[in-house]
Amino acid sequence: MSDFDLKPKIKQQTKVQKPKLYKVILLNDDYTPREFVVLILKAEFRLDLAQAEVVMLTAHQKGACVVSVYPKDVAETKATRAIDAAGQLGYPLQFAVEPE
Ligand code: TYC
């Protein structure tokens, strides 16, 4: 008998579903100060200053910009927290959450 088992083995294949990701999208408005948008992007979405400025300016110029992608619950929580923080200061800042 050989040392090698040449019989093909039936492999148990477990399908692992990748969690669906959702984009958090920053929306432009005419009232929220640019500095506050940058602050929120750093504090809630953990962007560094350079990233936050690019995202803010892109939304300012184009109307919207993807901030990042997350699992659904994380995306919704971050967007809600950011909208609430802006609202508390009277700013109309909005974020949208969309499937990637
Ligand atoms: N447009 C705002 C202004 O001129 C700044 C701003 C940028 C607001 C991006 C929202 O998503 C935004 N003060």
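1. The crossing of H1 and H2 is right-handed. This is a predicted model, so please read each point below with that in mind. The two axes come within 9 Å and cross at roughly 130°. That angle makes H1 oblique to H2. On the H1 side, the residues that meet H2 are Arg34, Val37, Val38, Leu41 and Lys42; their partners in H2 are Leu49, Ala52, Glu53, Val55, Met56 and His60.

2. H1 also packs on helix H3 (residues 72–88), with the axes 10 Å apart and an angle of about 145°. This crossing, of H1 and H3, is right-handed. Phe36, Ile40, Glu44 and Phe45 of H1 make the contact with Lys78, Arg81, Ala82, Ala85 and Ala86 of H3.

3. Which residues of H1 are buried? They are Val37, Ile40, Leu41 and Phe45. Seen down the helix axis, these buried residues fall within an arc of 100°, so they line one face of H1. The cover over them includes H2, E2 and H3. Following H1 comes Arg46, with a positive phi near 60°.

4. Val38 deserves a point of its own. This residue lies in helix H1 and counts as partly exposed because it has 19 C-beta neighbours inside 10 Å, whereas 20 or more would be needed for a buried residue. Once neighbours within four places in sequence are left aside, Val38 is in contact with Ala52, Glu53 and Met56. As for Val24, 14 residues from Val38 along the chain, the C-alpha atoms of the two are separated by 15 Å.

5. H2 (residues 49–62) has 14 residues and spans 20 Å from first C-alpha to last, close to the 20 Å expected at 1.5 Å a residue. Its buried residues include Ala52, Val55, Met56 and Ala59. These four cover an arc of only 95° around the axis, which puts them on the same side of H2. On the face turned away from that buried side sit the exposed residues Ala50, Gln61 and Lys62.

6. What covers the buried residues of H2? The cover includes strand E1 (21–27), helix H1 (34–45) and strand E2 (64–71). Just after H2, Gly63 takes a positive phi of about 105°.

7. Finally, some context for the whole chain. There are 3 helices and 3 strands, and along the sequence they follow the pattern β-α-α-β-α-β. Buried residues make up 21% of the 100 residues in the chain. Among contacts between residues at least 6 apart in sequence, 72% join residues at least 24 apart.

Methods. Residues numbered from 1 in each chain as written. Predicted model: local features only at pLDDT ≥ 70, side-chain atom pairs only at ≥ 80, totals over all residues. Helix = DSSP H or I, 4+ residues; strand = E, 2+ residues; numbered from the N terminus. Expected span 1.5 Å × (residues − 1). Buried ≥ 20, exposed ≤ 12 C-beta atoms within 10 Å, placed from the backbone. Arc of directions from axis to C-beta. Contact = placed C-beta atoms within 7 Å. Axes fitted to C-alpha atoms, helices over the stretch in contact; angles between N-to-C directions. Parallel < 35°, antiparallel > 145°, perpendicular 65-115°, else oblique. Left-handed = near helix turned anticlockwise from the far one by under 90°.
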